[in-house]
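Please open the model in your viewer and keep the sequence beside it, so that each selection can be followed from one stop to the next.

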Amino acid sequence: MKTILIVIAGMADVPDPLTGQETPLVATHVPALDLLARRGELTAIPPLSEGEPVSHVNALLSLLGYDLARGIPNVEQLMEFGLDNSSRISDFDSLRPFVIPGFSGHGVCVTPSAWVRGAAKCALLKPLDIYSPGAADTDLLNAMAQLTCSAIANPLCEFVLVYYDSPLRAALKGNFEAKKQALELIDRHLISTVADFVWKSELFINMAVTTDLVTPWHRRRPILMPVPLALYYNNLDQEGDPELNFNEVTAMLSPRNFNSPDSLIRYLINFNVSEEELPQNPLP
C-alpha cells in the first residue's frame, strides 16, 4: 500500500468571536476535499502532545513520528540543510535524523519550503526539485500535483510527503479573504489532481490530508487544538454522506479521533490493504 500525506500548513481556523464570522475553510468552496471526506473518513488529530512548544516545525515533525523529547532541531540549520542537496547530515550538529518505518529510504518530499525539505532529508526522504522563486501559487501547485502523481507511480516509491503553506502565510497577515483564496487554489490545483489520480489508479494508495496547527487569521498566531484529517483508501471506496464537508466542526464531531500526533503515521504504516482483515477500530 502506497501513501500520500498532504499537509496544508495553517489550513484550520476558529470562528471570529467578535463577529461570529465562520472559518475560511467553512466559507470556502473546496469540493475535492469534501469528496475525499465523503468517500473516505473525516476525523481529527492533535498536532502536538500536551506540554510541547507550539510551533509549525514541531507539529510537522510530530505528525511524521519524530519524538520531540530527543530535542528540537535547529530551524535555521533545517533550512540550510534543505537548500543544499549536497549537504551531509553529519555537517549539522543540531539536526537529529529519524526513521519513519517502511517509508524512510523509500519516499520523497514535494514542497518549495526549505526547512521542510531539510526535515524530510532528516527522515531519509528525498526532496524533489521544484522551482519556486517568483512562481505563482497556481504554477507551484500544478507542478507539485504532477510531481506527486509521478512519484507515487514509481515502483520504488512508497511514500510522498507534500507540504504547502499559503494559508499559513495569509493567516499570519490577518487576511481572511487571502486565506479563503489560498484554500480554493489548493483544492483546485493540488488536491483535485492528486485525488483524481488516486481514484483512477490500479495501485493501492492511502491518501491523507491534514494541517499542522490551528492558525486563526484574526489572532495571527497558532493555537493548540485538534486539526481536521481526511483519510481515503482507494481500495475501500464508499459513497458516504453527501452532506459531509471537510471543515473543523465536522472533523471534531467524528466518532473516531486520533489520540496523539504520531497516531497518523503509525496508522498509515500499519494499514492493512485487505478489507476483510481491517479491524473495526484500526487505530494503534
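**Stop one: an aromatic pair**

Select W217 to begin: with a relative accessibility of 12%, W217 counts as buried, a word that here means under 20% relative accessible area, with exposed meaning over 50% and partly exposed lying in between (1.4 Å probe, protein chains only). Before you go further, note that this is a predicted model, in which local features need pLDDT of at least 70 and side-chain atom pairs count only at pLDDT 80 or more, while totals for chains, interfaces and linings use all residues. Residues are numbered from 1 along each chain as its sequence is written, and side-chain values use heavy atoms, with hydrogens and water left out.

F176 and W217 form an edge-to-face aromatic pair, 5.3 Å centre to centre and with 65 degrees between the planes. Rings of Phe, Tyr and Trp (its six-membered ring) pair if their centres lie within 6.5 Å, and planes under 30 degrees apart count as stacked, over 60 as edge-to-face and the rest as tilted. F176 belongs to helix 8, whereas W217 sits in the loop between strand 6 (205-210) and strand 7 (227-233), so the pair links distant parts of the chain, 41 residues apart. Helices (H or I, at least four residues) and strands (E, at least two) are DSSP runs, numbered from the N terminus.

**Stop two: a second aromatic pair**

The structure holds six aromatic pairs. For another of them, select F103 and F159, whose rings have their centres 4.4 Å apart and their planes at 5 degrees, so the pair is stacked. Because F103 lies in the loop between helix 4 and strand 3 (107-110) and F159 in strand 5 (residues 159-164), the pair ties together parts that are 56 residues apart in sequence. Both F103 and F159 are buried.

Next, show helix 4 (residues 75-83) and helix 5 (residues 114-122), which pack at an angle of about 85 degrees with their axes 6 Å apart. Axes are lines fitted to C-alpha atoms, for helices over the stretch in contact, and angles run from 0 to 180 degrees between N-to-C directions. Helix 4 and helix 5 are therefore roughly perpendicular to each other, given that angles under 35 degrees count as roughly parallel, over 145 as roughly antiparallel, 65 to 115 as roughly perpendicular and the rest as oblique. The residues of this contact of helix 4 with helix 5 comprise nine nonpolar, two polar and two charged; Ala, Val, Leu, Ile, Met, Phe, Trp, Tyr, Cys and Pro count as nonpolar, Asp, Glu, Lys and Arg as charged, and the others, Gly among them, as polar.

Within helix 5, pick out R117, which counts as buried at 9% relative accessibility. Which backbone oxygen does the side chain of R117 reach? It is the backbone oxygen of G82, at 3.1 Å. Not counting residues up to four places away in sequence, R117 touches G82, N85, T111, P127, L128 and D129, where contact means heavy atoms within 4.5 Å.

Show helix 2 (residues 31-39) together with helix 8 (residues 176-200), whose axes come within 8 Å and cross at roughly 35 degrees. On the side of helix 2, P31, A32, L33, L35, L36 and R39 meet D187, I191, S192, A195 and W199 in helix 8.

Then move to T28, in the loop between helix 1 (24-27) and helix 2, which counts as buried at 8% relative accessibility. T28 and K180 are 152 residues apart in sequence, yet 5.7 Å apart in space, C-alpha to C-alpha. Leaving out residues up to four places away in sequence, T28 touches K180, L183 and E184.

Is helix 3 (residues 56-63) largely enclosed or largely open? Eight of its eight residues are buried, so helix 3 is largely enclosed by the rest of the structure. Just after helix 3, G65 takes a positive phi of about 95 degrees.

Finish at T148 in helix 6 (residues 137-153), which counts as buried at 0% relative accessibility. Apart from neighbours within four places in sequence, T148 is in contact with I4, V110, V160, V162 and V194, and its side chain reaches the backbone oxygen of M144 at 2.8 Å.

Methods: A polar contact is a pair of N or O atoms within 3.5 Å; within protein, one must be able to donate a hydrogen and the other to accept it, and residues adjacent in sequence count only if both atoms are side-chain atoms.
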